[in-house]
Number of protein chains: 2
Amino acid sequence: MSPTPASSAAPSALTRKLAVFTTLTRAEEARLERLQAQRRRHPARTELLHEAQGDHAAFVLQDGWAMSYKLLADGGRQVVDFQVPGDFLGLRSLLLRTSDHNVAAVTDIVVAEVPPRELRELVETEPRLAMALLWAASRDEAMVVEHLVGIGRRSPMVRTAHQVLELHQRLRLVGLADDGSFACPLNQYVLADALGLTAIHLNRTLRQLRERGLMTFRKGRVEIHDAPAMMALAGFEDAYLDQRAPRPS
Amino acid sequence: MSPTPASSAAPSALTRKLAVFTTLTRAEEARLERLQAQRRRHPARTELLHEAQGDHAAFVLQDGWAMSYKLLADGGRQVVDFQVPGDFLGLRSLLLRTSDHNVAAVTDIVVAEVPPRELRELVETEPRLAMALLWAASRDEAMVVEHLVGIGRRSPMVRTAHQVLELHQRLRLVGLADDGSFACPLNQYVLADALGLTAIHLNRTLRQLRERGLMTFRKGRVEIHDAPAMMALAGFEDAYLDQRAPRPS
DNA sequence: CGCCGAAGCTGCCCGAGATCAGCCCCGCGC
DNA sequence: GCGCGGGGCTGATCTCGGGCAGCTTCGGCG
């Protein structure tokens, strides 16, 4: 992606994201990179964190897509959110000490493991980074809230458009989308489970969006043809993503 | 409602709640109480925080019930969550610096205002409390996730039972419910907006729950007649509420 | 080249839950 | 005592989205 000046290499997606919240010092950036030193790969379509499992690790997603979801007794699945590079995986499980949801890799992914004690240490020694983490967690919650509103009150069309626009914005933030399109490795089943629809109905909905000339989603790529119309349809307000320029704090 | 405790006597609901996460020292307890010194009343049915408003205060609810919700263009309302004593109001707005949702008092309430700089100071000087706050925020998010799953995948009956059980557990934690019942100042319209149902359908659902001998909700009071059956019906797993005994950390 | 499985796509029917319309109950003010 | 209004409650219809069944497309592989 676009090269950015940093200590030695390009900053991680997490650093890039947190920089939106606050201007980071060199030392803080370095600390963040150190936190993400322990890299590890994980294959597509496999679970990274399992509900009710004992060890409570958290990860920072470096590359690829993941999703968090819950399984129900009746076999249903609700995808809570997708994660893209720079996002935390299982931060909540770490704090609640019993993972209440599953996280699976959508594509092959690269993650950085963050051991609990490292995180605690970071919070103790770097209050500004602690605030930034709190911000990231709040942003995640805001996204979940937005999904809740979508499933609770928005029509399938509106909901779908909203989800796509959100993903677009999030990916732009970490440099993984251009103005009108982005690579989207989700299949219709997964996306449907996120939107609280059946794959069948999602398919029909996507067709409608296509026929209206708003967007297409084919072969792993989303193309947004008429962004203003999409925004209007979805009633999209991106305030909850807080994609502003950093401020001195 | 029990009158608010004097600062020297009983601990605040927040203290009580955080004590579940970690054992608090005297000094930390005192610090928490100090954080909540600035008390203020707010009348029922009025907004405390408005979407997109400029000032970003956060509050700790001391007494009464509140709810956070979003309004949609079409006039619809989605209640995201209810807040009971010990819960934060608008913590997310403070961090994102633009409130993305509304918070209204359900009953007459007493809140403690937490100015942004106070919070930042707390995080900087009391890392253990910072972790506890992160825990509380994570718990809130876990509840929102649970609601998302409910609205997305659970039937109205199951969803309703689940919500009631959750409220019961939360209220027990802060000493506002006994084993089989609790005071619930919500009306059916508000509850329906939380569950993503119409008030009409919620009414029918409540009737069913009543006829099955599981629970009743009348005149501001919820009575749970058959807790095990309710739990079974709702598939209620309270892990996400993390109501465990404190551990030494 | 042809088989096979996964994902995408579509038509048809049906049921859960929304919508509409209206009644009852109870507390309150005059 | 009586009218009024808000919340609770109910029956009758409508409709959106789910369920089912099946077809197409495409890529991998023997």
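Predicted model: local features only at pLDDT ≥ 70, side-chain atom pairs only at ≥ 80, totals over all residues.
Local features need pLDDT of at least 70, side-chain atom pairs count only at pLDDT 80 or more, and totals for chains, interfaces and linings use all residues. Residues are numbered from 1 along each chain as its sequence is written, chains are lettered from A in the order in which they are written, and side-chain values use heavy atoms, without hydrogens and water.

**View 1. Chain A meets chain B.** The contact (heavy atoms within 4.5 Å) takes 45 residues from chain A and 45 residues from chain B. In chain A, A:Arg97, A:Leu148 and A:Arg153 lose the most area to chain B.

**View 2. A salt bridge joins A:Arg153 and B:Asp193.** Their side chains meet at 3.2 Å, N to O. A salt bridge puts a side-chain nitrogen of Lys or Arg within 4 Å of a carboxyl oxygen of Asp or Glu. On chain A, the largest share of the side that touches chain B, 20 residues, comes from H5(A). Helices (H or I, at least four residues) and strands (E, at least two) are DSSP runs, numbered from the N terminus.

**View 3. A:Lys219 sits in a loop.** The loop lies between strand S10 (215-218) and strand S11 (221-224) of chain A. A:Lys219 has a positive phi of about 50 degrees, although it is not a glycine. At 80% relative accessibility, A:Lys219 counts as exposed (over 50% relative accessible area, 1.4 Å probe, protein chains only).

Technical notes
Buried < 20%, exposed > 50% of the residue type's maximum accessible area, 1.4 Å probe, protein only. Buried area = accessible area lost by both parts, 1.4 Å probe.
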